[in-house]
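Subject: Structure for your review

Dear colleague,

Please find the structure below, followed by an account of what was found in it.

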Amino acid sequence: KHIRHQLGLSKEERFQNVKDTFTCSNAFSNKKLMLLDDVLTSGATTFFARKALIDSGAEVIVCTICKA
């Protein structure tokens, strides 16, 4: 899915922008993964990336370096 650049979007717009962007195969099923986000702004990208991994059967922990 093509998405707009997130810069300048509101939190709600960021969530709508990346919704349904990420998909995963079942290759991550029964795996324990760490999702690393260097800068957390709205949390939209991390939220939907994590959801796709969980939906594929993975156990996911999210780590963030800093919050904008």
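Helix α1 passes helix α2 in a right-handed crossing; a crossing is right-handed if the near helix is turned clockwise from the far one by less than a right angle, and left-handed if anticlockwise. The contact (heavy atoms within 4.5 Å) is made by Arg14, Phe15 and Val18 of α1 and by Ala44, Thr45, Phe47 and Phe48 of α2. These residues divide into five nonpolar, one polar and one charged, where Ala, Val, Leu, Ile, Met, Phe, Trp, Tyr, Cys and Pro count as nonpolar, Asp, Glu, Lys and Arg as charged, and the others, Gly among them, as polar. The axes of α1 (residues 11-18) and α2 (residues 44-55) come within 9 Å and cross at roughly 35°; axes are lines fitted to C-alpha atoms, for helices over the stretch in contact, and angles run from 0 to 180 degrees between N-to-C directions.

Please note that this is a predicted model, in which local features need pLDDT of at least 70 and side-chain atom pairs count only at pLDDT 80 or more, while totals for chains, interfaces and linings use all residues. Residues are numbered from 1 along each chain as its sequence is written, and side-chain values use heavy atoms, with hydrogens and water left out.

The protein chain has two helices and two strands, which are DSSP runs (helices H or I, at least four residues; strands E, at least two) numbered from the N terminus. From that end, the elements run α-β-α-β.

Strands β1 (residues 32-40) and β2 (residues 59-67) run parallel and are joined by eight bridges; two strands pair if DSSP finds at least two bridges between them. Leu33 stands opposite Val60 in β2, and Leu36 stands opposite Cys63.

The structure holds one salt bridge, in which the side chains of Lys51 and Asp55 meet (2.8 Å, N to O); the term requires a side-chain nitrogen of Lys or Arg within 4 Å of a carboxyl oxygen of Asp or Glu. Because Lys51 and Asp55 are four residues apart in helix α2, about one helical turn separates them.

Yours sincerely
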